[in-house]
Amino acid sequence: MNIIFRVDSSTQIGAGHLMRCLTLADEFKKQNHKITFVCRGLAGNLISLIKYSVLALSKDDDFQSDDLYLNWLGASQEQDAKHTLEVIPKNTDLLVVDSYALDVTWHKQLRPYVRKIMVIDDLADRNFDCDSLLNQNLGSKKEDYKNKAPNDCQLLLGCEYALLRSEFSELRGKALEKRSSTKAIKSILISVGGSDVNNLTYDILQDIPDQLIITVVLGASSPNNKIIQEYAKGKNITVIVGSKNMAELMLDADLSIGAGGATSWERCCLGLPTLLFVTANNQLKIAENLEKLKAVKIVDNLKQDLELILDNFNLWQQMSTESANICDGLGVKKVVKLC
């Protein structure tokens with residue numbers, strides 16, 4: 001198949017949409033499909049991470065909208081559809097769309113030119129015209145898309161379809177074995193997303209006891225990387241920018257402090273207990289569902305929450321067990337098989 005991905009990354013959007021599309025693209029590539037990405041060159045984009053052909057959309061720096069997600073997109077839906085149609089090949093078999101700004105208005109304009117449309121969504125807050133829809137989030141259900149997606153749309157819902165890179169499922173057995181033999185929390189992994197515009201990482205570091213081994217993962221586009229790197233000098237803190245081995249870092253860690261979003265399923269796959277920050281409104285539902293299952297603890301007061309889990313190893317063990325039950329890391333293979 002000739003498969004096109006329409007997805008963006010930026011300081012505002014973050015890296016999550018692009019990274020999960022790259023994971024899906026890699027699995028499609030293993031099945032010998034042709035992959036092309038369509039992206040707009042927004043500020044802080046991560047297009048350089050894409051190893052496939054990239055078709056660039058023109059950028060209008062003066063575009064403004066009252067709609068938050070359209071502002072992130074940098075264009076109206078009509079403009080974006082027009083720009084996309086100008087660059088995509090006319091023999092597109094599958095168009096994969098991952099953007100909170102694009103809905104049925106955009107889909108209908110592309111529909112005559114592609115054989116199938118697949119949407120990756122988290123919010124269930126708009127209408128769609130697509131053949132398949134993936135919402136990999138815990139608690140997503142068919143009722144969420146009633147009267148929002150076509151009746152014959154294939155709904156792929158829940159963590160069993162989470163788009164994780166193959167290294168997570170490959171390391172899952174080793175990670176769960178390690179958790180079962182862990183006796184105390186010694187190392188912490190801090191990762192709050194690809195941009196961390198508000199420098200939450202710096203605030204977190206102020207509350208971590210000195211005796212713990214700390215690894216900080218920062219996105220390449222984060223504006224505060226130099227501040228964190230300077231702070232870490234002379235301390236028991238390793239700072240990694242643009243990590244290419246996140247699964248191994250999660251395996252080595254005993255506890256994670258991080259943000260919600262797609263990385264939640266990576267941590268769950270490896271049974272890594274997490275103190276979770278909600279850094280965007282679209283993360284709240286996921287975070288609450290994870291906390292209900294006792295897989296994470298949403299941070300109220302980091303210093304107190306950290307003391308609680310450091311002093312209560314039974315709580316750590318419960319969080320590890322419950323998180324591991326949520327996601328097995330094989331979702332991307334299931335999605336590709338069904339497409």
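Please bear in mind that the model is predicted.

Let me begin with the empty space inside the protein. Rolling a probe the size of a water molecule over the atoms shows where empty space is left. How many cavities of 30 Å³ or more does a search of the whole structure find? The search finds two.

The largest cavity holds about 100 Å³ of space. Its lining consists of Asp8, Ile13, His17, Tyr69, Trp72, Leu73, Asp98, Ser99, Tyr100 and Ala101. Which element gives the most to this lining of the largest cavity? Helix H2, residues 68-73, does so, with three residues. Sorted by class, the residues around the largest cavity are six nonpolar, two polar and two charged.

The second largest cavity has a volume of about 40 Å³. Around the second largest cavity we find Glu27, Leu164, Ser166, Ser169, Gly329, Leu330, Val332 and Lys333. Two helices each supply at least two residues of that lining, namely helix H5 (166-181) and helix H13 (331-338). Here the classes are three nonpolar, three polar and two charged residues.

I turn now from cavities to a pocket. The second largest pocket has a volume of about 220 Å³. It is lined by 13 residues, and the closest to its centre are Gln12, Leu42, Asn71, Trp72 and Gly74.

The next topic is the aromatic rings. The count comes to seven aromatic pairs. One of them joins Phe5 and Phe37, which are stacked, at 4.9 Å centre to centre and with 10 degrees between the planes. Phe5 belongs to strand S1 (residues 2-7) and Phe37 to strand S2 (residues 34-40), so this pair ties together parts that are 32 residues apart in sequence. Are these two residues buried or exposed? Both Phe5 and Phe37 are buried.

Phe37 has a further partner in Tyr52. Their ring centres lie 6.0 Å apart with the planes at 15 degrees, so this pair is stacked as well. The pair again links distant parts of the chain, 15 residues apart, with Phe37 in strand S2 and Tyr52 in the loop between S2 and strand S3 (53-57). Tyr52 is buried, as is Phe37. Taken together, Phe5, Phe37 and Tyr52 form one aromatic cluster.

The charged end of Lys235 sits over the ring of Tyr231, at 4.1 Å from the ring centre.

Where is Asn224 found? Asn224 is in the loop between strand S9 (213-218) and helix H7 (225-232). Why is Asn224 classed as buried? Its relative accessible area is 12%, and the cut-off for buried is under 20%. What lies 3.3 Å from a polar atom of the side chain of Asn224? The backbone oxygen of Val197 lies at that distance.

That concludes my presentation, and I thank you for your attention.

Notes:
Residues are numbered from 1 along each chain as its sequence is written. This is a predicted model: local features need pLDDT of at least 70, side-chain atom pairs count only at pLDDT 80 or more; totals for chains, interfaces and linings use all residues. Side-chain values use heavy atoms; hydrogens and water are left out. On a 1 Å grid over the protein atoms alone, a cavity is a set of points where a 1.4 Å probe fits but cannot get out, and a pocket is an open set with protein on both sides within 12 Å along at least five of seven lines; lining residues have an atom within 4 Å of a point. Grid points are joined across faces, edges and corners, and a volume is the space filled by probe spheres set on the points. Helices (H or I, at least four residues) and strands (E, at least two) are DSSP runs, numbered from the N terminus. Ala, Val, Leu, Ile, Met, Phe, Trp, Tyr, Cys and Pro count as nonpolar, Asp, Glu, Lys and Arg as charged, and the others, Gly among them, as polar. Rings of Phe, Tyr and Trp (its six-membered ring) pair if their centres lie within 6.5 Å; planes under 30 degrees apart count as stacked, over 60 as edge-to-face and the rest as tilted. Buried means under 20% relative accessible area, exposed over 50%, partly exposed in between (1.4 Å probe, protein chains only). A charge sits over a ring if NZ of Lys or CZ of Arg is within 6 Å of the ring centre and within 35 degrees of the ring normal. A polar contact is a pair of N or O atoms within 3.5 Å; within protein, one must be able to donate a hydrogen and the other to accept it, and residues adjacent in sequence count only if both atoms are side-chain atoms.
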